[in-house]
Amino acid sequence: QVQLVESGGGLVQPGGSLRLSCVAFGKIFSINDMGWYLQAPGKQRELVAGITDGGSTNYVDSVKSRFTISRDNAKNMVYLQMNSLKSEDTAVYYCHANLITTWGTTGDYWGQGTQVTVSS
């Protein structure tokens, strides 16, 4: 099986920083794209930032210059450094990976989500 586990969420004041981490483990042959999504209450899940296996990144406009996505391919990990946090960043953040299993199947996998709350 394959699992993704996030960590690093929590409560932070506006203007503060948090770093989210996600590790993928299990029957993994290789990982293609990885990314972070958020889901605010009553809204659909949406992409925050993505990174390819080659290191190319993309961001939603609202987080450009504030958030940085990175990955460690050797450890099957992806990170999201979040700076200058705003109250509107409050949401559950989900890690995503498109990967190939050792059985040869390709699919999308999700973590369980980690809560980020930005409030004074």
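Student: How much space lies in the largest pocket?

Tutor: A pocket is an open set of points on a 1 Å grid over the protein atoms alone, with protein on both sides within 12 Å along at least five of seven lines. Its volume is the space filled by probe spheres set on the points, which are joined across faces, edges and corners. Here the largest pocket holds about 220 Å³. Of its 15 lining residues, Leu38, Glu46, Ser62, Glu88 and Asp89 are the closest to the centre; lining means having an atom within 4 Å of a point. This is a predicted model, where local features need pLDDT of at least 70, side-chain atom pairs count only at pLDDT 80 or more, and totals for chains, interfaces and linings use all residues. Residues are numbered from 1 along each chain as its sequence is written, and side-chain values use heavy atoms, leaving out hydrogens and water.

Student: Which strand gives the largest share of that lining?

Tutor: Strands are DSSP runs of E, at least two residues, numbered from the N terminus. Strand S5 (residues 46-51) gives the largest share, 3 residues.

Student: Why is strand S8 largely enclosed by the rest of the structure?

Tutor: Buried means under 20% relative accessible area (1.4 Å probe, protein chains only). In S8 (residues 77-82), 5 of the 6 residues are buried, so the rest of the structure largely encloses this strand.

Student: Which strands pair with S8?

Tutor: Two strands pair if DSSP finds at least two bridges between them. S3 (residues 18-26) runs antiparallel to S8, with 6 bridges, and cysteine 22 faces valine 78. S7 (residues 67-72) is also antiparallel to S8 over 6 bridges, with phenylalanine 67 opposite methionine 82.

Note on methods. On a 1 Å grid over the protein atoms alone, a cavity is a set of points where a 1.4 Å probe fits but cannot get out, and a pocket is an open set with protein on both sides within 12 Å along at least five of seven lines; lining residues have an atom within 4 Å of a point. Helices (H or I, at least four residues) and strands (E, at least two) are DSSP runs, numbered from the N terminus. Buried means under 20% relative accessible area, exposed over 50%, partly exposed in between (1.4 Å probe, protein chains only).
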